[in-house]
Amino acid sequence: MASLLADAAISQKIASEPWPDDVCLYQPYKLQQVLLPDNAQCLAVQCYLQMCGLPFRTVLRTNAEHMSPSGKPPFLRAGPYVISEVEPIIKFVSTKGHSLSEKLDRPQQAEMKAYLALVQGTLGNAELYISWCDPTTASEISRPRYSSPYPWPLNAVLAYRKQWDVQNQLKTLGWHSKTLEEVYDEVDNCCKALAQRLGNHHYFFKQGPTELDAVMFGHLYTILTTPLPADLLVDIVRQYANLINFCISIEKRFFRKRTK
């Protein structure tokens, strides 16, 4: 009971404070370091904050992963609060009074959460698998980029430890035993479901963009723009013209104005 009251008090305190002027989103360097899975998560948060119309500054750090409270990028610093990963950041933003899904009715919110789970559970795990379980991608892309900020032999130790950690995580989730072909099939089925739900609309719900659109954009855009040794992953997404148009529309509306 005391814990519940304390949590409620904290939530009320967060809600009563305005959005700070100096909010920073910390993430790894994109060109030299960040990998496919982390870039998708970072881009999803950027997109969500843009959709909410909230000011923030992106800060690049080689040790962003180790600075993060959860050990995973990105993380947000807003005044005295430090929040990491997509879902907790979205929840924090909502607590501050900025929610994109409050306009949905309860059945729509349940549907949105189901599709979010599908996206994160399928595309997110597929990105981890391809990055760290596919031998070619791991040796040519993931280990060199992940270890790039560190001197030898620390770079090798950290890269192999990261690979071991991700593989153990995927074992727990039942993904490590999949073949690469099975992973591609999972991605194709996920994209097919999303493409059918989206249809020829700009967003997944007629009321406007939600966190589902932000998270979907983060994954799809990252897959479309990240060079990998094989093109099979990006070729799956390219089969769905409406998903491509979705990414183009989101980028044009929420990102090009930020870079001007």
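In strand β4, Ile83 is the bridge partner of Leu76. The two strands involved are β3 (residues 75–78) and β4 (residues 81–84), which pair in the antiparallel sense over 4 bridges; strands count as paired if DSSP finds at least two bridges between them. Strands here are DSSP runs of E with at least two residues, helices are runs of H or I with at least four, and both are numbered from the N terminus. Together β3 and β4 make a hairpin with 2 residues between them, and Gly79 in the turn has a positive phi of about 60 degrees.

A word on the ground rules before we go on. This is a predicted model, in which local features need pLDDT of at least 70 and side-chain atom pairs count only at pLDDT 80 or more, while totals for chains, interfaces and linings use all residues. Residues are numbered from 1 along each chain as its sequence is written, and side-chain values use heavy atoms, with hydrogens and water left out.

Axes are lines fitted to C-alpha atoms, for helices over the stretch in contact, and angles run from 0 to 180 degrees between N-to-C directions. Further in, β1 and β3 pair in the antiparallel sense over 3 bridges, and Leu25 stands opposite Leu76 in β3. In a regular strand the side chains alternate between the two faces of the sheet.

Aromatic rings come next. The structure holds 7 aromatic pairs; rings of Phe, Tyr and Trp (its six-membered ring) pair if their centres lie within 6.5 Å, and planes under 30 degrees apart count as stacked, over 60 as edge-to-face and the rest as tilted. One of the pairs is that of Tyr26 and Phe75, which is stacked at 4.7 Å centre to centre with 0 degrees between the planes. Tyr26 lies in strand β1 (residues 24–27) and Phe75 in strand β3, so this pair ties together parts that are 49 residues apart in sequence. Both Tyr26 and Phe75 are buried, where buried means under 20% relative accessible area, exposed over 50% and partly exposed in between (1.4 Å probe, protein chains only). Elsewhere, Trp19, Tyr81 and Phe92 form one aromatic cluster.

The backbone has some details to look at too. Most residues other than glycine have a negative phi, and most peptide bonds are trans. Yet Pro73 and Pro74 are joined by a cis peptide bond with omega of about 0 degrees, and Pro74 sits in the loop between α3 (64–67) and β3. Another cis peptide bond joins Trp152 and Pro153, with omega of about 5 degrees; Pro153 lies in the loop between α6 and α7 (154–173). Glu85 has a positive phi of about 75 degrees although it is not a glycine. This Glu85 is found in the loop between β4 and α4 (86–95) and, at 26% relative accessibility, counts as partly exposed.

Let us turn to a helix pair. Helix α5 (residues 106–132) and helix α6 (residues 135–147) pack at an angle of about 100 degrees, with their axes 7 Å apart. That makes α5 roughly perpendicular to α6, on a scale where angles under 35 degrees count as roughly parallel, over 145 as roughly antiparallel, 65 to 115 as roughly perpendicular and the rest as oblique. Ile130, Ser131 and Trp132 of α5 make the contact with Thr137, Ala138, Ser142, Arg143 and Tyr146 of α6, contact meaning heavy atoms within 4.5 Å.

Val215, in helix α9, counts as buried at 2% relative accessibility. Not counting residues up to four places away in sequence, Val215 touches Ala44, Val86, Leu116, Val119 and Gln120. His202 lies in the loop between α8 (180–198) and α9 (211–225) and counts as exposed at 56% relative accessibility.
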